[in-house]
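Trainee: I have a new model open. Please show me how to read its main features.

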Amino acid sequence: MNTASFPHGAGLGLRRALLPELLAMDAGAVDFLECTPDNWINVGGRYGDGLARLAERFPLACHGLSLSLGGPAPLDRELLRRTREFLDRHNVAFFSEHLSYCSDDGQLYDLLPLPFTDESVRHVASRIRQAQDALGRRIAVENISYYAAPYQALSEIDFLRAVLEEADCDLLLDVNNLFVNSINHRYNAAEYLSALPAERVVYMHVAGHYDEAPDLKIDTHGATVKDDVWSLLELAYQRFGALPTLLERDFNFPPLAELLTEVEQVRLRQQTAMGWPEVRHA
């Protein structure tokens, strides 16, 4: 019987560079850890042992990088099979992937935006449904950061809403990506939040970015969370409730104590949000 429970509270990314510190971390330091199965499937030795020990102590959420849900090539059935085995082995209830593509004839090593068209909606939604069937789970897709779009017959928010409806899947709301896109593409992030179907939003990411210029932000996951992103996270909590939220950090790691201070900032905002009436709109 599957006894996996959905993550709650504030989490931190499980990265190999942090493994020794995470293994020494107090049990209450984070509420969950998030890992990318693609980077851990078939990994043994001290890394595999470390992952297994952490999975026994903390609930795991999983976030894929390589399924290329919007890509032109057939879905990688072997990767889907191995991912399902990984999720089952580590009792993972929540899995997400990016609303993007990253491969064609081989890996492109980037998360590339899809055309915002009705045809693209149908294409990616069909592949999301296939992935859900193969994984035996409802999944969430993440709004990605992007700097140019191949074609926009639809607005970003209308495209996203259409995909969620057509695929009947959930949304991982990356608050930093939303902020970065709102500046780079000059739209109102609060209005974007208001237009999201609240029943689809189940999980959040928050991260740092680089200020290239006042009108150009670069999504890096290599810095501390900025004040404007914290403010947008608070607004998201006001609309959707204190959903499970991951602090993402992928490189340029500070001491773990500094990362845990940011995790605590997430928790404090969640605790504050629990005292707010939830404002949900259709």
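Trainee: How many disulfides does a search of the whole structure find?

Mentor: A disulfide is a covalent bond between the sulfur atoms of two cysteines. This model is predicted. The search of the whole structure finds 0 disulfides. Take Cys 35: its nearest cysteine sulfur belongs to Cys 62, 3.8 Å away. The cut-off is 2.5 Å.

Trainee: Is Cys 35 buried or exposed?

Mentor: Under 20% relative accessible area counts as buried. Cys 35 has 0%, so it is buried. Cys 169 is also at 0%, and therefore buried.

Trainee: Which residues touch the most other members of the largest nonpolar core?

Mentor: That core has 75 residues. Those touching the most other members are Leu 12, Leu 14, Leu 33, Ile 128, Leu 173, Leu 196 and Phe 240. Helix H8, residues 227–240, gives the most to this core, with 7 residues. A separate second core has 8 residues, among them Phe 32 and Tyr 203.

Trainee: What does Leu 33 touch?

Mentor: Leave out residues up to four places away in sequence. Its partners then include Leu 12, Leu 14, Met 25, Phe 58 and Pro 59.

Trainee: At what angle do the axes of H8 and H9 cross?

Mentor: Two packed helices are described by the angle and the distance between their axes. Here the axes of H8 and H9 (residues 256–273) cross at roughly 35° and come within 10 Å. The crossing is right-handed. Trp 230 and Leu 233 of H8 take part in the contact, as do Val 266 and Arg 269 of H9. By type, the contact residues are 5 nonpolar, 2 polar and 3 charged.

Notes. Residues are numbered from 1 along each chain as its sequence is written. This is a predicted model: local features need pLDDT of at least 70, side-chain atom pairs count only at pLDDT 80 or more; totals for chains, interfaces and linings use all residues. Side-chain values use heavy atoms; hydrogens and water are left out. Buried means under 20% relative accessible area, exposed over 50%, partly exposed in between (1.4 Å probe, protein chains only). A nonpolar core is a set of buried Ala, Val, Leu, Ile, Met, Phe, Trp, Tyr and Cys residues joined through side-chain atoms within 4.5 Å. Helices (H or I, at least four residues) and strands (E, at least two) are DSSP runs, numbered from the N terminus. Contact means heavy atoms within 4.5 Å. Axes are lines fitted to C-alpha atoms, for helices over the stretch in contact, and angles run from 0 to 180 degrees between N-to-C directions. A crossing is left-handed if the near helix is turned anticlockwise from the far one by less than a right angle, and right-handed if clockwise. Ala, Val, Leu, Ile, Met, Phe, Trp, Tyr, Cys and Pro count as nonpolar, Asp, Glu, Lys and Arg as charged, and the others, Gly among them, as polar.
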